[in-house]
Structure formats: C-alpha cells, structure tokens
Amino acid sequence: MEQKIKNLIKDALKNLAIEVSDIALEHPEDLKNGDYSTNVALAISKLLNKNPKVLAEEIVFEINRLNVDKNIEKVEIAGVGFINFYLSRKFFTNSIEEILNKAENFGKNDLLKGKKMMVEYTQPNPFKPLHIGHLMNNAIGESISRLVEFSGAETTRANYQGDVGLHIAKAIYGLFNNEKLQSKVGSHNFQATNIGMAYVFGAGEYENNEEAKKEIDEINKKVYAKSDPKINEIYAWGFKVTMEAFEDLYKTLGTKFDLYFLESQMMSIGVDIVRANMGNVFEESDGAVVFKAEKYDPKLHTRVFITSQGLPTYEAKELGLTEEKFKTMPQMDLSIVITANEQMDYMRVVAKALSLLHPDYENRMLHISHGMMRLASGKMGSRKGNVVTGEALLNDVRDAILERMTNRDFGNEEREKVASDVGVSAIKYSILKQSTGGDIIFDFEKSISFEGDSGPYLQYSYARANSVLEKAQKENILPDFEVAPEETFEVEKLLYQFPEIVLKSAREYEPHYIANYLIEVARAYNSFYGNMVIVNKEDKTSSYKVALTYAFSFVMKTGLHLLGIAAPKKM
RNA sequence: GCACCCGUAGUGAAAUGGAUAUCACAACAGUCUUCGGAACUGUCGUUGGGGGUUCGAAUCCCUCCGGGUGCACCA
C-alpha cells in the first residue's frame, strides 16, 4: 500500500512536471490526520518558490484525478501543506483477512534472509549469583535474537561465562569458612544459592580483611594451577551446580542457548594471538603487553592485553573468543555481542585490535550496549548484600502474582507456570519498553503493579481476547469478512502496521518499538471491546468483529514472542 | 582533566528535522459492563539555561549547568 501511494504521488507530480527522488510517507501520530501522510509539498515548495499550501492543492487535485484505487477513501490537505491519505473500509477488511491467512507468520520479513548471525548475551559467572543486570542483558539479547530470527536470519544464541578468576576464589574461601554452605543436600538451585552467599561473604572479607585477602589470592593461584585436590573437588561441584541453576533460570526466562564459551578456554588462544602479533599490533610496556589504540583513533586509549605476570586480561580473552566464534561458524555474517555500556570503551579498543588482525571481521562484528539497571531506593524483597539476585526477583514477582490468581480454576502446576510467565513478562516489559541505551531505575513495587503500561496488561488483553474467541466458538459464530460494519475501528488502523514496526525494530536492533506498539494496540482493542458486545447473534457484523479479534490475538501473540514473553491463554 | 552516553509533565518513557510534542503510571472525576474490572471514559500537566542553522528544532551546531560511565596490568 505504501508503494502504491508513493507511485500515485509520483505520477501526480509528473503531471505537474515535478521530479522528486524520494517521497517521505509516514503514519501520522494522530489517526485523525489520516492513515498515511506526506510532506512533499513542504519539501519542494522552497525549490519551486511556491506557497506550500497552494502546491499541495495542485498535487491533491492531480491525485484525485488519477486515483482509481478503492483502498483510498479520500485525500486531504491539512496544516501548512501536509497531504493526508485516508484508507477505506475495504483496505482494512482486506488487511484483517490477510492477518488471518498468515496467522503467526504475519509480520515476518526477509531483511536478513539467509544471513548467519550469532548473538552473545547474559554472560553470568559461575559461583556468583546471577543478578538483575544479567536479567536485563538476557531480556535484550533474547528479544534481539528473536527479532533477527523473525527477519529471516539463521540465529545462534551464545553465552560466555567466566569460569576462572578472583570471584571463584572468593566463593571458595566463603565455602571453606561456612561448612553449612557446602551442603550437597537439596536442589541444585538451593546449593547454588548457598554458593552465591559464600561468594558475597568472601567478597566482603577480601575488601576488609588483610588475612583473608592473602588467602583468597592463594586460592586463586591454585584454581588456575589445579594443584590442590580439595579445591579441585569443590570447584567441580560448584561449577556444575551453579551452571545447572543458570539453566533453570534460562528456562524460566524463555532462553535456550546453542553455544557456550568458557573464559578459561579463551586464555591460551588469546595469548597466542597476542604473541603472534608482537611488533605489528601489540607492544611491550612496563613488562606488560599492550595495544596502543590511540595510534589509530584518538578517541581510543591504551589497554593491557597480557599482564606483567604473563596472564591474559579480559581483552586478550575477548580476542580469543571472537576468533573461536568465527572458527565455529566460518560463514557467519554478523557476530553481535550485548553488554552493559560500562564496557563500551574497551570493547571499542578490542574491536580496533581485531579489525587490524582481521580486516574481514571489521564489518561482521557489532557491539550493542545497554544501560545499567539501578535500584530505586526503598525496600527490596530479598536483598543479598547490595545486589538483588535474578532468582530472588523472579520469585518475589511470581509470588506476588500468585496471590492475585486465587480465583481461577488452574491445577497447581499450571498455576505456578502461568504466574511465572506473568512475572517474567512484568520484568522483561519494564526493561524492553525503553530504548536499549538508557539506564533503568528498577522499582520493585512498580514491577508488581500490573496496570496500564505493563507486560501483564498485554497478556491480560490477549487472554481476554482469547476468551472472546472461545465464546464465539461455542455460539458458532465464525470469522467472516463479508459483513464488515461501515465504521472502521482504531485497532484496525494499528494492526496492519505491525510488519513495519517489526522491520524497524530489526533494522535498529531496538525491541522498544514493538513494546510501545503493543501497548497501543492493546489499548485500542480493549477500548473496542469495552464499547460493544463482540459475540452477539443479534448483530450481523458480529462475525467480522470476531475476525478482528482473531487478528488482534495473532499480532499480540507474535509481538509478545518477539519480546521474549509468553502468551498464556488464561491467567 | 580527557573521552563517550544522557537531560522531555510529579514519576517512568516515546517521537526518519515536520502538524496542537505522544503513551503509561500517579492525582482528580466518572463507568459498577453484558464476552475476564489486571478493564473502560474523561480531566490535569512537559522539551535544563542561553545563543545559532532552518520555511520549520526535543532532534543538528556552539556554550553553560546537571547526571552517568570509562580512562594500564579486575572483568
């Protein structure tokens, strides 16, 4: 339709002997201003030295003379010279029919058809609790994965985990000093929580206790060297248990990773790369091996890749990781890494080094950075130290929802599952509704208030539409397009725009466009629902309204999927 | 100090250089409704300050103010 209107405008301009390379056509924010709108008259009025409004009148006159399309009801001039197009009942009826035909495929595009893409996200560390920052990273990463997947890319989800480092020594120190936390009884979740507590204890001691600091540094060396059987044993157990607990969380969150990279395995690969490129990229400085990125770009700075003790830093490991990724998938078109924006500067340095080593990687790497998740002051449900663990947050939100669900006929298991899905939606939506760059002030109280602008509101709208459809089935009212009412509804004016929104989100790797769109659609549908009885045998147009409800439910379900949110039929 | 990011109603956000700056929460006033009230209908209220570019600026440029992050052996 967009193309049709553009052609129509072009033809009209041609008749006026005006040539324009590109015509800007957009959906006005206010639906009163039509379904499509163009500012060509304003844009070219200066060139032609004409009054934009007069020019617009001439263009509209031509358009009306040329237009034979029944999808366009009327064309009007508004404001200083905008030309607004109003689509007809026929267009909306057709678009609802199209949505029903395509069902869950409605909205798909082939922007990235055939491209191989890898998305790395979440990156938790074994032995350490997964905190809300990881939750944020996971929500964004999963949504971006689904977006590119839905746009035709062959998508691989990757996770990178820090299985070596001081944090592990801290946790092991904590375990040594708290016998109870070493308990092998109970679920792996319970055991992982204990290890998290041991870490918090160890981290505190490392800061405040000289003796403990020395001991932890000792443990750290032994972890690297694998020289102490007792440490090896506790490491093996702790690694297994915390990784299993992460898997439980991924399942709750709706993520399934295809590839896991471990930091320990990137060490030697990274060191080899650095050593092999001494002189041309890397150089020695104060006993360490560094990369002086400012030589290539004044905005960058020098970073250490191998310490004076001969150990690779994060930077060197990142080199190894990227190398491994391309080795695993040699035909990869794009490798996306998602991290918090505090890592932006050194990721740039690493990217610069990589592009010197592999010029062909330069355009095949993309770093997306998101804001930080901060806590609103006020009481948090389950504070541990100064961080809120992802699990604690998920549990608190789920429990708050369970309290509200008492009047429904679910089995216990089903009820828990739905409560969990709604909780995940509350958290994910609050993250994904805003553009990825910004910080998020996380407010627990608000995250369990499900009114208005929230994930549960979207799910609620879906569930409600679903029960309308159930009733329609019972009363044997089938969707039909022949009986459309004369008036058009706001929902219809939004539903057909879904594919454009998806495309925009995928192009910019920005899920928030989808989130904002879904809220608008949900509000429009709820308003539609509130203003009439949809399933009504007395109403001849009832079966069209049922069709509209189907269309809404498909779009909502797909949209929620793209946000990584489940769409329960009942809640 | 240098670099990068940000500053929009009381709060959280949105807006390829375009129309009267949009949405939600909160507050206030209604609807007690049939198919799910986790709802619907209204009201209230906003671009940090100052310059500039432009027919037109939240958006681009300059400057000031305020916040965040990073800047050599942590990740």
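In which strand does Thr155 lie?

Author: The model is a predicted one. Thr155 belongs to strand 6, which runs over residues 154–161. The residue counts as buried because 21 other C-beta atoms lie within 10 Å of its own, where 20 or more are required. Once neighbours within four places in sequence are set aside, the contacts of Thr155 are with Met117, Val119, Ser145, Val148 and Glu149. A further reference point is Thr242, which is 87 residues away from Thr155 in sequence and 26 Å away in space, C-alpha to C-alpha.

The setting of this residue is chain A, which contains 20 helices and 16 strands. Of its 571 residues, 43% are buried. The C-alpha atoms of chain A occupy a box of roughly 85 × 65 × 40 Å along the principal axes. Among contacts between residues at least 6 apart in sequence, 74% link residues at least 24 apart.

Helix 3 spans residues 52–66, and its 15 residues reach 21 Å from the first C-alpha to the last, close to the 21 Å expected at 1.5 Å a residue. Its buried residues are Pro52, Leu55, Ala56, Ile59 and Ile63. Seen down the helix axis, these buried residues fall within an arc of 100°, so they line one face of helix 3. The face turned away from that buried side carries the exposed residues Asn64 and Arg65. The cover over the buried residues of helix 3 includes helix 1 (2–15) and helix 2 (40–48), together with strand 3 (72–78) and strand 4 (82–87).

An unreviewed UniProt entry gives the short sequence motif "'HIGH' region" at residues 124–134. In the model this span is 27% helix and 0% strand, and its end C-alpha atoms lie 7 Å apart. An unreviewed entry in UniProt also places the domain "DALR anticodon binding" at residues 458–571. That span is 67% helix and 0% strand, with 12 Å between its end C-alpha atoms.

There remains the surface near RNA strand B. Of the 76 residues around RNA strand B, those that come nearest are Ser37, Asp286, Thr307, Gly452 and Asp453. The residues of this surface divide into 32 nonpolar, 27 polar and 17 charged.

Key
Residues numbered from 1 in each chain as written. Chains lettered and ligands numbered in written order. Predicted model: local features only at pLDDT ≥ 70, side-chain atom pairs only at ≥ 80, totals over all residues. Helix = DSSP H or I, 4+ residues; strand = E, 2+ residues; numbered from the N terminus. Expected span 1.5 Å × (residues − 1). Buried ≥ 20, exposed ≤ 12 C-beta atoms within 10 Å, placed from the backbone. Arc of directions from axis to C-beta. Contact = placed C-beta atoms within 7 Å. UniProt positions renumbered as here; feature names shortened; annotations may be inferred. Near = placed C-beta within 6 Å. Nonpolar A, V, L, I, M, F, W, Y, C, P; charged D, E, K, R; others polar.
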